[in-house]
Structure formats: structure tokens, C-alpha cells
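Student: I am new to this. Can you show me how to read a structure?

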Amino acid sequence: MSTPLRRVFVYGTLKKGEPNHHWLTDARNGQARFIAKGRTTVQYPLIIATRHNIPFLLDVPGTGHFVVGEIYEIDDRMLGRLDVLEDYPKLYDRRPEVIRNEETNTVESCLIYLMRSFPKRLLEKPLLEEYRNSPEKPYVEADDIEFDE
């Protein structure tokens with residue numbers, strides 16, 4: 001018996017070509033199938049922070065940009081693995097959001113990870129429309145997240 005599939009919107013290190021994309025392609029983590037590029041229908045602040053240069057989507061609707069990312073269809077096993085990566089529910093909230101499918105120009109409900117509790121000074125960082133790992137701010141895997149910079 002197969003588990004129901006659900007849609008998730010990824011905007012950071014899980015996107016194609018980014019450092020954690022392998023989580024979505026590793027069959028041991030469950031199923032994940034790329035659907036389309038997507039964009040939030042609400043503006044959110046996307047920042048890069050900590051000494052590990054981690055992208056964070058802050059739960060401040062109406063601030064920032066319509067964030068660019070990717071829509072995937074995943075099974076429950078993959079959702080559980082993503083919850084581990086995103087440290088849900090401790091660090092991130094996970095909830096449905098309306099995302100625009102950039103290929104079909106339609107909107108659909110996708111799960112998205114948003115940071116609810118964070119130091120307010122993070123809103124002073126540059127707000128990005130799209131995350132890309134870069135030599136200037138290279139992503140570094142982290143076991144713990146500290147906002148002291």
C-alpha cells in the first residue's frame with residue numbers, strides 16, 4: 001500500500017544544484033519528484049545567516065520578496081527526513097502555503113518550512129528573492145544553529 005503524496009516547496013539548500021539536494025534524490029529517504037519551479041504568493045524575508053551561511057525563511061508575511069523555489073511531490077517517509085533536516089518543530093514551523101507554479105501559472109497548496117522564532121535583528125540582513133550557494137557565503141553543514149555573528 002502506498003502512502004499519499006504531498007507537495008512541498010523548497011527555497012534553499014534543497015533546490016537542484018544546492019548543497020542538500022541529495023536529500024531529495026536519495027531513495028533511502030523516500031520518494032521525491034520534481035514538479036516545477038515555484039514562487040510564494042505572499043512576500044517573505046529570505047535571509048542567509050549564522051557562521052554556516054544557512055538560508056532561513058522568516059515567518060513575517062508581507063515583508064521581503066515573492067520567494068523563488070521548487071515544488072516537489074514527496075511521500076511521508078521523505079517528509080519525515082525533511083523534518084529532521086529542518087529541525088521541525090523545534091527550529092521551523094511547517095504549514096501549507098499557496099505557491100504559484102511557474103510552469104502552469106496556477107496556484108497550489110504546498111508545505112513550507114518557516115522560522116517563527118528568531119532574533120529580530122535578522123530582519124536587518126539583506127532580503128533575498130532567491131537563494132544560491134556562493135563562494136562569498138558558502139553553506140556549511142551545522143549540527144547546531146547559533147545566531148551570534
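Tutor: Start with pairing. Two strands pair if DSSP finds at least two bridges between them. Helices (H or I, at least four residues) and strands (E, at least two) are DSSP runs, numbered from the N terminus. This is a predicted model: local features need pLDDT of at least 70, side-chain atom pairs count only at pLDDT 80 or more, and totals for chains, interfaces and linings use all residues. Residues are numbered from 1 along each chain as its sequence is written, and side-chain values use heavy atoms, without hydrogens and water.

Student: How many bridges join β6 to β7?

Tutor: There are 9, and the two strands run antiparallel; β6 covers residues 93-101. Glu 97 has Cys 110 of β7 as its bridge partner. The hairpin has 4 residues between its strands, and there Asn 105 takes a positive phi near 55°.

Student: Is Asn 101 buried or exposed?

Tutor: Buried means under 20% relative accessible area, exposed over 50%, partly exposed in between (1.4 Å probe, protein chains only). Asn 101 counts as buried because its relative accessibility is 4%. This residue lies in β6. Contact means heavy atoms within 4.5 Å. Beyond four places in sequence, Asn 101 contacts Ile 35, Ala 36, Lys 37, Ile 71, Thr 106 and Glu 108.

Student: Which residues have the most contacts inside the largest nonpolar core?

Tutor: Such a core is a set of buried Ala, Val, Leu, Ile, Met, Phe, Trp, Tyr and Cys residues joined through side-chain atoms within 4.5 Å. The largest has 38 residues, and Val 8, Tyr 11, Phe 56, Leu 57 and Leu 82 have the most contacts inside it. β7 gives the most to this core, with 5 residues.
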